[in-house]
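How do the copies of a chain meet in this model? The report below takes the interfaces of chain A one at a time.

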4 protein chains.
Amino acid sequence: VIAYERPVRFDEVDPAGIVFFARFMNYAHEAMENFFSDIEGGYAGLIQARKIGFPTVRLEADFNAPLRYGDKLRVETSCSKLGNTSATFVHEMRREVGGELCAVVRHVVVTVTLGVLKPCAMPDDVRARFVAHLTPGQ
Amino acid sequence: VIAYERPVRFDEVDPAGIVFFARFMNYAHEAMENFFSDIEGGYAGLIQARKIGFPTVRLEADFNAPLRYGDKLRVETSCSKLGNTSATFVHEMRREVGGELCAVVRHVVVTVTLGVLKPCAMPDDVRARFVAHLTPGQ
Amino acid sequence: VIAYERPVRFDEVDPAGIVFFARFMNYAHEAMENFFSDIEGGYAGLIQARKIGFPTVRLEADFNAPLRYGDKLRVETSCSKLGNTSATFVHEMRREVGGELCAVVRHVVVTVTLGVLKPCAMPDDVRARFVAHLTPGQ
Amino acid sequence: VIAYERPVRFDEVDPAGIVFFARFMNYAHEAMENFFSDIEGGYAGLIQARKIGFPTVRLEADFNAPLRYGDKLRVETSCSKLGNTSATFVHEMRREVGGELCAVVRHVVVTVTLGVLKPCAMPDDVRARFVAHLTPGQ
């Protein structure tokens, strides 16, 4: 499990005073970028130098409690399923103070060659990262 | 089924040249706003004058094909399940030219009183809107 | 002057209940995209087929009155200054009902070849569009 | 001068491969939130507990160099002018590695009571924060 923390920003909160539900998907991507930060060149290196991307093909989210402005977000990211070219991310999104689970986002990504967007082999260092944080029970 | 169309905007497209996956959730909300446009005061009237909101509690999305800049989005919205306080939206998101299905987004919303965010009875005009566009098979 | 209208969206409004100030810059870009809609292929054709872009090098905005959820935005776009490779857009942003001026955004763009981002000659059809909507007094 | 650093995020970059110009205004707000972080309750406390906000009434930005995905943003924020109810922020936005100045954003904010959005006296702790980072020459 890799944890990622940052404050909720003002422009992420909707007129109802809570983080807009779509934003949790942006948080999921941000947590994925962080998940790959230890790889050579990070996520930016993957897409820019190696021309490899991870588009989402399937997404599920459950919302349990609102996040508000002033809250700090804590995302705990792991991999619940690993295939040849695909992987399933699980992001538990919590209010940092108190640790309440606000949302769980699961998304399945496929390794592709950018430009053509065709599935390709998952690089070894990417696979190793998933294996190191595999939590099949979730 | 209520249809909603608009062009993909430049700032919705990511560095990989396709609409960023989280944006499809913004599209789902936009289609929901449009779904309620015939109600007295529209969605704005619901949340501002009547203090009623529809937070998302569950979300599922499947991505089949990319949308790109230059494409026009067409969303076909219906309701697949209607409860006492909850409803499930189904949004089929297509490339307007050709009609290819790019993504399907389903999200379950709950009728709440804003501020306290507690479930409340679904207003009759809102329920009638769902009933008129109920497609239980989807 | 070319007019562009659309409703304010829920996710553009901040916790203070007004359109977040940065969003007006997104509106400016949207109005620019609309400004070029009559050109062969539109703005998408310019950047994708012709590889020509218009990055902003200078921006000014004055905010006079808030836009709120439920309002419809009306943007009136013209060109106040036209150079060899640059042009200045003026966007008057009004509440459609009543016509109150909410914000004026001016931004200077430069014609560039995408990729290298180097200034290049402004295509004739682009220049003609600016000339047709030149309002030097503004 | 108060510095604020964070990586450029994937969803902030446009199809041309550079941070979308409107995003720099979101960065400016983020830097403003950070500027107030040492005040009791931070910016969230100001708007939520004290019901005081700082809407932007005037904005200027100059763009010198692009920021790209993989870059880290560094914002150096100070106050160039302080009035009774207004203040002018200056944000120098740099690429953290190398320090190149990518954009300068200036925006004038007015102290208001939220809800009514009427100008009000600037609280002493807010004023002290501006005074401590006043750089009139800029």
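Copies are superposed by least squares on the C-alpha atoms of residues with pLDDT of at least 70 in both.

This is a predicted model; local features need pLDDT of at least 70, side-chain atom pairs count only at pLDDT 80 or more, and totals for chains, interfaces and linings use all residues. Residues are numbered from 1 along each chain as its sequence is written, chains are lettered from A and ligands numbered from 1 in the order in which they are written, and side-chain values use heavy atoms, with hydrogens and water left out.

**Chain A and chain C**

Eight residues of chain A and eight residues of chain C make the contact (heavy atoms within 4.5 Å). The copies meet through the same surface, because 100% of the interface residues of chain A are also interface residues in chain C. The two chains bury about 710 Å² between them, 79% of it on carbon and sulfur atoms. Buried area is the accessible area (1.4 Å probe) that two parts lose on being put together, summed over both. In chain A, the residues that lose the most area to chain C are A:Phe10, A:Pro15 and A:Phe20. Together they account for 64% of what that side buries.

The side of chain A that touches chain C holds five nonpolar, no polar and three charged residues.

**Chain A and chain B**

Chain A can also be laid on chain B, by a turn of 180° and a shift of 0.0 Å along the axis, with an RMSD of 0.0 Å. A:Glu60 comes closest to this rotation axis, its C-alpha at 2.2 Å. Again the same surface serves both copies: 100% of the contact residues of chain A recur in chain B.

| Pair | Buried area | Share on carbon and sulfur |
|---|---|---|
| Chain A and chain B | about 2,000 Å² | 65% |
| Chain A and chain C | about 710 Å² | 79% |

In the contact with chain B, 21 residues of chain A face 21 residues of chain B. A:Phe21, A:Arg58 and A:Leu59 lose the most area in chain A, together 26% of what that side buries. The pair has four salt bridges and eight residue pairs in polar contact, both at pLDDT 80 or more. Helix H1 (23-35) and strand S3 (56-63) of chain A each supply at least two residues of this side. S3(A) gives the largest share, eight residues. Helices (H or I, at least four residues) and strands (E, at least two) are DSSP runs, numbered from the N terminus.

**Strand S3**

S3(A) runs antiparallel to strand S3 (residues 56-63) of chain B, joined by five bridges. Two strands pair if DSSP finds at least two bridges between them. A:Leu59 has B:Ala61 as its bridge partner. A:Arg58 stands opposite B:Asp62 in S3(B). The side chains of A:Arg58 and B:Asp62 also form a salt bridge (2.8 Å, N to O). Within chain A, seven bridges join S3(A) to the antiparallel strand S6 (residues 101-110). There, A:Arg58 stands opposite A:Val108.

Notes. A polar contact is a pair of N or O atoms within 3.5 Å; within protein, one must be able to donate a hydrogen and the other to accept it, and residues adjacent in sequence count only if both atoms are side-chain atoms. Ala, Val, Leu, Ile, Met, Phe, Trp, Tyr, Cys and Pro count as nonpolar, Asp, Glu, Lys and Arg as charged, and the others, Gly among them, as polar.
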